[in-house]
Amino acid sequence: MYSGIVQQGSGYAARLGFPTVNIPLIDNSISGIYAARVSIKEGEATYMAAAFADPKRKILEAHMLDFSDDVVGMLVTIELFKQIRESKKFDTEAELHAAIADDVIKTRQYFQEYKTRVMVFGTFDIIHPGHEDFFRQARALVASPYLIVSIARDTVAERIKGQDPRNNEEARRIQVAAHPLVDEAILGDSEGYIDHIKNVSPDIIALGYDQSGEFVDTLETDLAEAGAHTKVVRLKAFEPERYKTSKLR
């Protein structure tokens with residue numbers, strides 16, 4: 001996410017029919033046109049936008065769809081979701097106008113089809129009601145979820161829990177993938193954990209009430225250092241005195 005005070009622009013985009021909110025951009029790793037969301041105040045509604053990241057001008061500008069108020073001087077946050085196309089020079093204003101109009105269409109299409117990617121982690125040696133509540137809570141975080149479950153590798157599970165899982169990693173992955181609340185089950189990394197998170201680009205990581213220690217204590221710092229714009233939330237316990245794998249084995 002990128003936040004900044006909206007600057008007064010030249011008005012060129014507005015003359016083309018696509019007024020933008022403009023904030024400073026210091027991240028040189030992004031460029032091009034993105035499907036994005038813009039929020040004016042924290043906790044209030046967000047708006048779809050076609051955003052242009054221009055590292056040469058050091059500016060991030062976003063044409064907000066279905067919004068026309070003047071927000072110059074206000075603090076806004078722009079969240080980039082998917083790159084629609086690379087930046088390109090156009091010979092005529094007519095060509096530029098057509099390209100931006102197409103960007104707007106593709107932005108709307110993207111958000112019509114978009115599902116929020118929620119990721120959870122665990123060994124899942126057996127699936128019990130506590131796990132099912134874990135999945136339900138994770139899905140309930142958003143209106144249209146796509147739940148990705150990361151399955152701990154055998155070597156990682158043995159190191160963390162001090163004993164081998166009852167079922168091997170592929171058997172555990174297949175079992176979780178077949179659960180009706182799960183959209184996708186993947187194996188975690190053999191070393192570390194950031195690489196496979198970056199590969200699936202989750203919007204949210206949901207942690208269990210008791211998950212701590214390795215791969216958790218520094219999660220938010222590690223995500224930020226890796227350039228991942230992922231929100232981390234903590235879910236609630238569900239009858240932990242009854243439903244805990246170590247008690248059910």
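**Reading rings and burial**

Modeller: Start with Gln-137: leaving aside neighbours within four places in sequence, its contacts (heavy atoms within 4.5 Å) are Leu-235 and Lys-236. This is a predicted model, where local features need pLDDT of at least 70, side-chain atom pairs count only at pLDDT 80 or more, and totals for chains, interfaces and linings use all residues. Residues are numbered from 1 along each chain as its sequence is written, and side-chain values use heavy atoms, with hydrogens and water left out.

Colleague: Is Gln-137 buried or exposed?

Modeller: Buried means under 20% relative accessible area, exposed over 50%, partly exposed in between (1.4 Å probe, protein chains only). Gln-137 has 19%, so it counts as buried.

Colleague: How many aromatic pairs are there?

Modeller: A pair of aromatic rings is described by the distance of the centres and the angle of the planes. Rings of Phe, Tyr and Trp (its six-membered ring) pair if their centres lie within 6.5 Å; planes under 30 degrees apart are stacked, over 60 edge-to-face, the rest tilted. A search of the whole structure finds 10 such pairs. Take Phe-81 and Phe-111: with centres 5.2 Å apart and planes at 80°, they are edge-to-face.

Colleague: And which residues form one aromatic cluster?

Modeller: Phe-81, Tyr-110, Phe-111 and Tyr-114 do. Phe-81 is partly exposed at 23%, whereas Phe-111 is buried at 9%. For a stacked pair, see Phe-134 and Phe-135, 6.3 Å centre to centre with 25° between the planes. Phe-134 is buried at 11% relative accessibility, and Phe-135 is buried at 0%.
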